[in-house]
Amino acid sequence: MSLCVAIQHQLADFTLDVSFEAPRGITALFGASGTGKTSIINAVSGLLRPDQGRIILDGEPIFDTAMKIDIPPHKRRLGYVFQDGRLFPHLSVRRNLLYGARYAHPEAQGPGFDEVVALLGIAPLLDRNPGLLSGGEKQRVAIGRALLSRPRMLLMDEPLAALDSARKEEILPFLEQLREHTDIPTLYVSHSVAEVARLATSVVMLDNGKVTRAGPAEQVLSDPATARQFGLREAGSILPATVQTHHPDGLTELSVSGGRLFLPKIDQPKGSSTRVRILAHDIMISRNYPKDISALNILPGEITSIRQGTGPGMILQIKSGDDFLLARITRRSAEAMSLKPGAHVHAVIKAVAVARVDVATR
Amino acid sequence: MDWFGQEEWQAVILSLKVSVWAVLLSLPLGILTAYALARWQFRGHQLLNGLVHLPLILPPVVTGYLLLLTFGRRGLAGAWLEETFGLVLAFRWTGAVLAAAIMAFPLMVRAIRLAIEAVDPKLEQAASTLGASRFAVFTTVTLPLILPGVITGVVLAFAKAMGEFGATITFVSNIPGQTQTLPSAIYTFLQVPGGEGPALRLVIVSIIVAMGALVASELLARRARKRVSGV
């Protein structure tokens, strides 16, 4: 199951000209506001008709200007979760959910009503009306409604953007579960690096209507070249990790390909796999194995590339085990330590620097 | 009810019958016209808008006379209707229905159009991505959401139909028991000596019917509004 998009479309202040592929899993369309992300997702859903190009879902063209194919939105069978929920105000939560199921393709596979309700934790809301739900509740119902339409693919347009951070934290685990428990590929529009780092399996980066970088999430996020576009304070890499032990002093020990990480307690059972995002400015670099230092996490590695910024800083990419880390340090330090690609270094990470939101819940 | 003459009764019943039919028959077309004016862009949009509103600004007598010219037995449409369906409108109660429907149409369309314009098209888009065809989107999302506006439109149209006088009397005349509606009856009673009593009674009936319709519509619209507000 994959989606191929190659479209051109004239927008008010720029031209959208993109070509990318979204494989299984969650593909994040990442970019600042006004870079054409929503236009792309609208084109895929059929709500926007691009000037030119084609969109192919699982080998079937759903839009193709050359072949004059333009399947109307209601026949594309794509579940769209809008930023503003768009629950029907005249229907209860239950009937909103059933609205999704009502037009579902009879032969389509997918989770049933009870399963979706349980997955999203919306059983207590079923008999309420949408007007009185909180933002987070509305979005969960909207996700459930889209799922119950048994879509071939989910389209999510910044589903968390209108929520405060507590509500985001309430929904992120559901999206992670969705990724793990269903086979439905998802196109996820976001301008939040933290969300992308936590959810995406692939990333398509957009700027001014063009794709600037696309690929697996770990690669794109740990590429020093993309750091500027993510925003230097947000740049960081993601490491797949496995929970090893919960220590009595409140720390959780995880194994990553390059060694071990000790982080503040993570609420997941031993043996479960997760992913940890480590921000580039939270990493210190040491030539030798540092001793007598408070930081608990020291990952050995080799510098694979160095990217010079315009200011006093620079970004190093370090290969540790099979994974890549990004470290942001000053040029002065790099010169003093004569850091070059190929140099062996130790990446030092304070346990408490890793924020709770940057650890996936599964 | 011997204080209520047979002629008066006939007028009241006829008016109710004419108004109900006028509203029922014009409602589907009213919703379609309102939807077209609110949502569709097409050539002749302004022309359609003007035509719909014409009865509101023309003198009713002119509308009635135009109806007589077109739908009279020698009129183009009238002759065709009689030949094809055996339907005669001029000087019949059916003609009163047509006159009332046309006079009430602008009010009905206006109320429904306002309601359609207030519906967020984003909700209709959401429904279409969930697999609902255009027609299904209309019946399951748009129509329930505009229900308060439809009720308002129906009541306004009903009230206008009950009170329609000029076009009706011009097109179908004022035949007791056949085309003498409530306003025509009041007018007739006022023309003869000693008619003030029956006229006054009919005036009271008019007021009661109008108030009843208004209250009923307010209750219905309030319930519908509560339902579509989503709280």
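**Figure 1. A salt bridge between the two chains.** A:Asp84 and B:Lys122 form a salt bridge in which the closest N and O atoms are 3.8 Å apart. The model shown in this and every other view is predicted. One salt bridge is found across the interface of chain A and chain B. Five residue pairs in polar contact are also found across this interface, both partners having a pLDDT of 80 or more.

**Figure 2. The side of chain A that touches chain B.** On this side, at least two residues each are supplied by helix H2 (73–76), strand E7 (78–81), helix H3 (93–102) and helix H5 (135–148) of chain A. The largest share, four residues, comes from H3(A). By type, the residues of this side of chain A comprise 13 nonpolar, six polar and five charged.

**Figure 3. The extent of the interface.** In the predicted model, 24 residues of chain A are in contact with 22 residues of chain B. The two chains bury about 2,000 Å² between them, and 63% of this area lies on carbon and sulfur atoms. Within chain A, the residues that lose the most area to chain B are A:His74, A:Arg86 and A:His90, which together account for 31% of what that side buries. The size of an interface is often expressed as the accessible area lost when the parts come together.

Figure 4. Which residues of helix H6 (residues 121–129) of chain B are buried? They are B:Leu123, B:Glu124, B:Ala126, B:Ala127, B:Ser128 and B:Thr129. The cover over these buried residues includes elements of both chains: H2, E7, H3 and H5 of chain A, together with helix H1 (6–39) and helix H7 (134–163) of chain B. After H6(B) comes B:Gly131, which has a positive phi near 105°.

**Figure 5. Chain B as a whole.** Chain B contains ten helices and zero strands. Its elements, read from the N terminus, therefore follow the order α-α-α-α-α-α-α-α-α-α. Along the principal axes, the C-alpha atoms of chain B fill a box of roughly 65 × 45 × 30 Å. Of the 231 residues in chain B, 46% are buried. Among contacts in chain B with a separation of 6 or more, 70% are between residues 24 or more positions apart.

Figure 6. An unreviewed UniProt entry gives the annotation "transmembrane region" to residues 20–38, 50–71, 91–114, 135–159 and 199–221 of chain B. In the predicted model, residues 20–38 of chain B are 100% helix and 0% strand, with the end C-alpha atoms 26 Å apart. Residues 135–159 of chain B are likewise 100% helix and 0% strand. The end C-alpha atoms of residues 135–159 of chain B lie 31 Å apart.

Figure 7. B:Ser217 belongs to helix H10 (residues 196–229) of chain B. Is B:Ser217 buried or exposed? B:Ser217 counts as buried because its relative accessibility is 8%, and the cut-off for buried is under 20%. A polar atom of the side chain of B:Ser217 lies 3.0 Å from the backbone oxygen of B:Leu214. In an α-helix there are 3.6 residues a turn, so residues three or four places apart point the same way. Residues up to four places away in sequence being left out, B:Ser217 touches B:Ile151 and B:Val155.

Figure 8. B:Leu69 lies in helix H3 (residues 60–71) of chain B. B:Leu69 is classed as partly exposed because its relative accessible area is 49%, and exposed requires over 50%. Residues up to four places away in sequence not being counted, B:Leu69 touches B:Gly75 and B:Leu76. From C-alpha to C-alpha, B:Leu69 and B:Glu196 are 35 Å apart in space, and 127 residues separate them in sequence.

**Figure 9. Contacts of an asparagine in a loop of chain B.** B:Asn174 is located in the loop between helix H8 (166–172) and helix H9 (182–191) of chain B. Its side chain makes a polar contact of 3.0 Å with the side chain of B:Gln180. A polar contact of 2.8 Å joins the side chains of B:Asn174 and B:Thr188. Apart from neighbours within four places in sequence, the residues in contact with B:Asn174 include B:Ile169, B:Thr179, B:Ser184 and B:Tyr187.

Technical notes. Residues numbered from 1 in each chain as written. Chains lettered and ligands numbered in written order. Heavy atoms only, no water. Buried < 20%, exposed > 50% of the residue type's maximum accessible area, 1.4 Å probe, protein only. Polar contact = N/O pair within 3.5 Å; in protein donor to acceptor, adjacent residues only side chain to side chain. Contact = heavy atoms within 4.5 Å. Buried area = accessible area lost by both parts, 1.4 Å probe. Salt bridge = Lys/Arg side-chain N within 4 Å of Asp/Glu carboxyl O. Nonpolar A, V, L, I, M, F, W, Y, C, P; charged D, E, K, R; others polar. UniProt positions renumbered as here; feature names shortened; annotations may be inferred.
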